[in-house]
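Here is a friendly note to read alongside the model. Please keep the picture open while you go through the points.

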Amino acid sequence: MMKFAKIVFLIAGIYGLVIVAPLFFMEAYTSATQPPAITHPEYYYGFAGVTLAWQVLFLVLSRDPLRYRPMMLVAVLEKVSGLVLILLVFLHRSPPTMLIGIVDVLLGILFLISYIRTAPARILQSAGIAS
């Protein structure tokens with residue numbers, strides 16, 4: 001049970017670092033390729049910084065899922081933003097490239113599964129999930 005959660009959060013953290021860290025060097029590129037240009041860099045770097053911090057949290061969670069189990073639900077909540085991206089694409093308010101939000105939704109589901117699978121046996125028994 002613990003191995004599943006460790007792997008899920010490790011993959012999420014590494015994937016996130018690979019995707020988010022380059023943003024710190026891509027402001028000009030993003031302004032040029034994703035109009036309108038970035039006029040408030042504090043929002044851009046604020047987003048990148050907070051998102052990077054979440055990736056580090058996922059790596060911390062991967063080290064000791066039981067200890068940090070309550071944070072798993074907060075991590076699920078963080079991934080709900082993927083639903084917003086998908087909705088914006090379907091409302092034609094964002095480009096199809098924003099369907100990358102599907103990855104966040106899938107990770108959120110895996111985070112929720114990790115939370116359930118790391119529950120103490122007594123909680124699972126009282127819920128009728130374990131025998």
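1. A contact here means heavy atoms within 4.5 Å. Among contacts in the chain between residues at least 6 apart in sequence, 64% join residues at least 24 apart.

2. A word on where this comes from: this is a predicted model, in which local features need pLDDT of at least 70, side-chain atom pairs count only at pLDDT 80 or more, and totals for chains, interfaces and linings use all residues. Residues are numbered from 1 along each chain as its sequence is written, and side-chain values use heavy atoms, with hydrogens and water left out.

3. Let us start with the overall layout. The chain has seven helices and zero strands (DSSP runs numbered from the N terminus: H or I of at least four residues for helices, E of at least two for strands). Taken along the principal axes, the C-alpha atoms fill a box of roughly 55 × 30 × 20 Å.

4. How much of the chain is buried? Of its 131 residues, 27% count as buried, meaning under 20% relative accessible area, with exposed over 50% and partly exposed in between (1.4 Å probe, protein chains only).

5. Now look at α5. Its buried residues are Gly82, Ile86 and Val89. They cover an arc of only 60° around the axis, so they sit on the same side of α5; the arc is that of the directions from the helix axis to the C-beta atoms. These buried residues pack against α4 and α6. Just after α5, His92 takes a positive phi of about 60°.

6. Next, find Ile109 in helix α6 (residues 101–117). Ile109 is partly exposed because its relative accessible area is 44%. The C-alpha atoms of Ile109 and Val18 are separated by 21 Å, and these residues are 91 apart along the chain.

7. Finally, the largest pocket is lined by 34 residues, of which Leu23, Phe47, Leu85, Met98 and Ile100 lie nearest its centre. On a 1 Å grid over the protein atoms alone, a pocket is an open set of points where a 1.4 Å probe fits, with protein on both sides within 12 Å along at least five of seven lines; lining residues have an atom within 4 Å of a point. The helix α3 gives the most to this lining, with six residues. The lining divides into 21 nonpolar, 10 polar and three charged residues; Ala, Val, Leu, Ile, Met, Phe, Trp, Tyr, Cys and Pro count as nonpolar, Asp, Glu, Lys and Arg as charged, and the others, Gly among them, as polar.
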